[in-house]
Amino acid sequence: MDGEDVTRMDPVALRRRMGYVIQQIGLFPHLTIGENIATVPRLLGWPAARIGARVDELLTLVGMDPAIHRARYPRELSGGQRQRGGVARALAADPSVMLMDEPFGAIDPITRLRLQNEFLRILRTIRKTVVFVTHDVDEAIKMGDRIAILRDGRLVQYGTPDDILAHPANGFVEEFVGADRALKRLDLVTVREVMQADSSAPTLPAGASIRHDATAKEALSAMLAMDQEGLRVVGADGRLVGLVFLSGIRRLIAGRSDPTA
């Protein structure tokens, strides 16, 4: 870790240098959210003023108003809020490495998707190295810059999501990622990469639009649900920036179904 052999490090000191988000979140029920977040900084001997400022900074980062949530107990929060509190606690001492053990595994699908997106937003801000453990290959594809697939404790394949989907190392990996791996690769492509800038389009219903940062898979799903051949692509300000068509996504799938493409 940071060039140091962890087997030669004091395990207590090592643990305090890492951030943990564990299954079922694991917040201490007898402590407030603020006290939970302050756990490691307090163990490290930070002064109270620094701890207080860090707690408020992290609550704000994860989208929780410190004035409202700092003094609340885990039982007073929703599942999503407790999950955010767990992420804030893991970040408290500004660790260089975070370990997340199936952090979104016990959450309903809608909350899970929202928390995944929120965590990716937070990562763009804090830029940490995160080891994210999951059994869900779709989650791995969405969250990971690199994926390591293990079998019986051995590393079977390591690479980018696109590499693994395009070139499975063996039958086990191919089965693990699924027969629909060409469709899964659409999760790695944003609408802006396949849209047409030309706005001269066939007439589309008012609701037939999608954000420019959505994935090609989300665009395909929306088109099928609306029975449309195309969608307007809008920017963050709601303005039209282009068009995406089913034919373009079909071409993308055809190209990505070919391992040599």
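Me: Which residue just after α13 takes a positive phi?
Reply: Asp227, with a phi of about 55°. Helices here are DSSP runs of H or I with at least four residues, strands are runs of E with at least two, and both are numbered from the N terminus. This is a predicted model, where local features need pLDDT of at least 70, side-chain atom pairs count only at pLDDT 80 or more, and totals for chains, interfaces and linings use all residues. Residues are numbered from 1 along each chain as its sequence is written, and side-chain values use heavy atoms, with hydrogens and water left out.

Me: And in α13, which residues are buried?
Reply: Ala216, Ala219, Leu220, Ala222 and Met223, in a helix that covers residues 216-226. Buried is under 20% relative accessible area, exposed is over 50%, and partly exposed is in between (1.4 Å probe, protein chains only).

Me: Why are they on the same side of α13?
Reply: Because they cover an arc of only 165° around the axis, taken from the directions from the helix axis to the C-beta atoms. On the other side of α13, Leu224 and Ala225 are exposed.

Me: Switching to the largest nonpolar core: which residues have the most contacts inside it?
Reply: Ile37 and Phe119, in a core of 30 residues. A nonpolar core is a set of buried Ala, Val, Leu, Ile, Met, Phe, Trp, Tyr and Cys residues joined through side-chain atoms within 4.5 Å. Two or more residues come from each of α2 (33-37), α4 (48-61), α6 (79-91), β2 (97-101) and α7 (109-126). Apart from this core lies another, of 21 residues, with Ala219, Val244, Phe245 and Leu252 among them.

Me: What is Ile37 in contact with, leaving aside neighbours within four places in sequence?
Reply: Val55, Leu58, Leu59, Gly85, Ala88, Arg89 and Ala92. Contact means heavy atoms within 4.5 Å.

Me: Now Arg239. Where is its place?
Reply: In the loop between β7 (230-234) and β8 (240-245). Not counting residues up to four places away in sequence, Arg239 touches Val233 and Val234.

Me: Buried or exposed?
Reply: Arg239 counts as exposed, at 61% relative accessibility.
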